[in-house]
Amino acid sequence: MDLSKILSISGKPGLYKMLAQTKNGLVVESLLDGKRFTAFSHERVSTLEEISIYTEDEDMPLKDVLKAIYDKQDGKAAIPNKSDGKELKSFFEEAVPDYDKENVYVSDIKKVIGWYNTLCEHKLLDFSEEEEEKKEEEVKDEKKPAAAKKEKVDNKKETNEDKK
């Protein structure tokens, strides 16, 4: 899932897909109604890739938060972001148990859940690539120690041969 092309524009509702870059800004398309317009460089534009949520330990990238909600909901839409504050907090706590309750406000939770539902509705939540990459990394990590052991054995043979 590539969140670097999905944008949030300060002062404008919803999410936007970046289509092109211009001299003065970005051409974007609203995921809500499909309208296209230019987001100028003086507007505060953030990619979802840049956004993170405060947790007790360190900031959690929004991608990981969305993945946690996706796993909790089995890929289905979450509760409506217009729900009661207590309900939103309890839902978010189930998905991200260690979020910082003092610094993450209900408005932030509403925004994240709204974004999740929008991305889910447009089928932009695809975590299968990440799972494949993790599996490939695990396979590489398993192979590395064996190669290192072989290298050590080869080095020992060379030193024994050098002694003769």
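Modeller: Let's start with a word we'll need: a residue is called buried when its relative accessible area is under 20%, and exposed when it is over 50%. Keep in mind that this is a predicted model.

Colleague: Got it. Why is Thr-47 called buried, then?

Modeller: Thr-47 comes out at 16% relative accessibility. The cut-off is under 20%, so Thr-47 counts as buried. You'll find Thr-47 in strand β5, which covers residues 45-47.

Colleague: Which residues does Thr-47 touch, leaving out those up to four places away in sequence?

Modeller: Thr-47 touches Leu-3, Ser-4, Ile-6 and Leu-7. A touch here means heavy atoms within 4.5 Å.

Colleague: Okay, and Asp-100: what makes Asp-100 buried?

Modeller: Asp-100 has a relative accessible area of 14%, and the limit is under 20%, so Asp-100 is buried. Asp-100 sits in the loop between α2 and α3. With residues up to four places away in sequence set aside, Asp-100 touches Tyr-54, Thr-55 and Glu-56. There's also Glu-58, 42 residues from Asp-100 along the chain, with 9.5 Å between the two C-alpha atoms.

Colleague: What about Asp-74: buried or exposed, and how do you know?

Modeller: Exposed means over 50%. Asp-74 is at 63% relative accessibility, so Asp-74 counts as exposed. Its place is the loop between α1 and α2.

Colleague: Is Lys-123 buried or exposed, and on what grounds?

Modeller: Lys-123 reaches 71% relative accessibility.

Colleague: Let's turn to the helices. How do you describe the way α1 packs with α2?

Modeller: Two packed helices are described by the angle between their axes and the distance between the axes. For α1 (residues 62-73) and α2 (residues 85-95), the angle is about 95° and the axes are 9 Å apart. Angles of 65 to 115 degrees count as roughly perpendicular, and that makes α1 roughly perpendicular to α2.

Colleague: Which residues meet there?

Modeller: From α1 come Val-65, Ala-68, Ile-69, Lys-72 and Gln-73, and they meet Phe-91, Phe-92, Glu-94 and Ala-95 of α2. By class, that contact has six nonpolar residues, one polar and two charged.

Colleague: What is the overall layout of the chain?

Modeller: Along the sequence it reads β-β-β-β-β-β-β-α-α-α-α, which comes to four helices and seven strands. The chain has 164 residues, and 30% of them count as buried.

Colleague: Last one: where does the lining of the largest pocket come from?

Modeller: β1 (6-9), β6 (52-53) and α3 (106-121) each supply at least two lining residues. α3 gives the most, with nine. The lining has 29 residues, and Ser-8, Gly-14, Lys-111, Val-112 and Trp-115 lie nearest the centre of the pocket. By class, the lining has eleven nonpolar, twelve polar and six charged residues. The space in the pocket is about 670 Å³.

Conventions:
Residues numbered from 1 in each chain as written. Predicted model: local features only at pLDDT ≥ 70, side-chain atom pairs only at ≥ 80, totals over all residues. Heavy atoms only, no water. 1 Å grid on protein atoms, 1.4 Å probe; cavity = no way out; pocket = protein on both sides within 12 Å on 5 of 7 lines; lining within 4 Å. Points joined across faces, edges and corners; volume = space filled by probe spheres on them. Nonpolar A, V, L, I, M, F, W, Y, C, P; charged D, E, K, R; others polar. Buried < 20%, exposed > 50% of the residue type's maximum accessible area, 1.4 Å probe, protein only. Axes fitted to C-alpha atoms, helices over the stretch in contact; angles between N-to-C directions. Parallel < 35°, antiparallel > 145°, perpendicular 65-115°, else oblique.
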